[in-house]
Amino acid sequence: MATTQVNPTRMELTRLKKKLTTAMRGHKLLKDKRDELMRQFLDMVRQNKLLREKVEAGIHAANQNFMLARAATDAQVLDVALMAPKQEVFLETSARNVMSVDIPVFSYQTRTADANDIYSYGFAFTSADLDDAVLSLSQVLPDMLKLAEIEKSCQLMAAEIEKTRRRVNALEHVMIPDLQTNIKYITMKLDENERSTQIRLMKVKDMMLEQAHHYSERAAQ
Amino acid sequence: MYKIAVMGDRDSIYGFAALGLDTYPVYDPNEAVHTLRRLAEGNYAVIYMTEALAAQIEEELDRYRSQQLPAIILIPGISGNTGRGIASVKRSVEQAVGSDIIFGNDN
């Protein structure tokens, strides 16, 4: 279905043929990109799911511990205990290129190396439940960071896959068929022109011969 | 050097302060949007947010989905798991594949 008007000329034909080759090549490349992205994405999203379940369970457990701590300790004491944290977490980010998608890679470091610095309070006035709670939360933290990395990667890759898929579909179902019909239309038109020229020439030749030799008059005699 | 923030209701997030994450207790959705914008423009690469709070500012979160930083990750709050976190993973799958092939139809 040639919706747009095309000039049936040889130049246009060459141009369209070149365009078709490019489109075919692009289509193949994009399709490969999509397939590979999809493969990696599915791996990653499975990992994401497992990790998320793990983190959610971890946080749930930590929250339960905090509940216990709140029950056993005065709210004010608890506030004071966690008011001035000793530990601090810094993130270093870099990007990893997966099929032209820049996915983030986080590496974290803490301000002090001492693992016990998560307890920012003296142990005298708080219950042991608080220690447990803080400890259980700190054990989830590495997984939480990993989850952040993977979940963000999944989101970015999903967006890229969607984009690529649309491009592949546009090429496959719109661009390439359109070009093919246009090329076919031009070829037919050119062939038709050629035939009509040939017929015209034959006719002219007939007429010229007729003028020169008067075949029809002779035939009549 | 980036930092990590945690947003949500105070009871759900105050424990994270001990680990050295920056906690931002917010309750009001409008306030949450403002805080989120400020954090996203600031020095935060990862922002954890409770599912309950995230449910109220969903449109705002969508803006950050396609950006490389910050990563906004939902975590269950003290009131329990609402399944919104896993739903966001599910959404990624649906966006990429066209239909959900990882989680099945059970949830």
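This is a predicted model: local features need pLDDT of at least 70, side-chain atom pairs count only at pLDDT 80 or more; totals for chains, interfaces and linings use all residues.
Reader: Which elements does chain A have, and in what order?
Author: Chain A has four helices and two strands, running α-α-β-β-α-α from the N terminus. Helices (H or I, at least four residues) and strands (E, at least two) are DSSP runs, numbered from the N terminus.

Reader: Is chain A compact or spread out?
Author: Chain A is more spread out than a compact globule, because its radius of gyration is 38 Å, well over the 17 Å that the globule rule gives for 221 residues. The radius is taken over C-alpha atoms, and the rule is 2.2 Å times the number of residues to the power 0.38. Along the principal axes, the C-alpha atoms of chain A fill a box of roughly 140 × 30 × 25 Å.

Reader: How do helix 1 and helix 3 of chain A pack?
Author: Their axes come within 3 Å and cross at roughly 165°. That makes helix 1 of chain A roughly antiparallel to helix 3 of chain A, a label for angles over 145 degrees. Axes are lines fitted to C-alpha atoms, for helices over the stretch in contact, and angles run from 0 to 180 degrees between N-to-C directions.

Reader: Moving on, what does chain B look like?
Author: Chain B has six helices and four strands, in the order β-α-α-β-α-β-α-α-β-α from the N terminus.

Reader: How much of each chain is buried?
Author: Buried residues make up 41% of the 107 residues in chain B and 26% of the 221 residues in chain A. A residue is buried if 20 or more other C-beta atoms, placed from the backbone, lie within 10 Å of its own, exposed if 12 or fewer, and partly exposed in between.

Reader: How many residues of each chain are in contact with the other chain?
Author: There are 33 residues of chain B in contact with 48 residues of chain A, where contact requires C-beta atoms, placed from the backbone, within 7 Å. Helix 6 (84–97) is one of the elements of chain B on that side, and helix 6 gives the largest share, seven residues.

Reader: Which helix of chain A meets helix 6 of chain B, and at what angle?
Author: Helix 1 (residues 10–72) of chain A packs against helix 6 of chain B at about 175°, with the axes 10 Å apart. The two helices are therefore roughly antiparallel to each other. Among the residues that meet are A:Phe41 and A:Val45 in helix 1 of chain A, and B:Val89 and B:Val93 in helix 6 of chain B.

Reader: Which residues touch the most other members of the largest nonpolar core?
Author: Of its 65 residues, they are A:Phe41, A:Met157, B:Met7, B:Val46 and B:Ile73. Such a core is a set of buried Ala, Val, Leu, Ile, Met, Phe, Trp, Tyr and Cys residues joined through C-beta atoms within 7 Å. Helix 3 of chain A gives the largest share of this core, 16 residues.

Reader: What is B:Ile73 in contact with?
Author: Leaving aside neighbours within four places in sequence, B:Ile73 is in contact with A:Leu147, A:Ala148, A:Glu151, B:Val46 and B:Tyr48.

Note on methods. Residues are numbered from 1 along each chain as its sequence is written. Chains are lettered from A and ligands numbered from 1 in the order in which they are written. Two residues are in contact if their C-beta atoms, placed from the backbone, lie within 7 Å. Angles under 35 degrees count as roughly parallel, over 145 as roughly antiparallel, 65 to 115 as roughly perpendicular and the rest as oblique.
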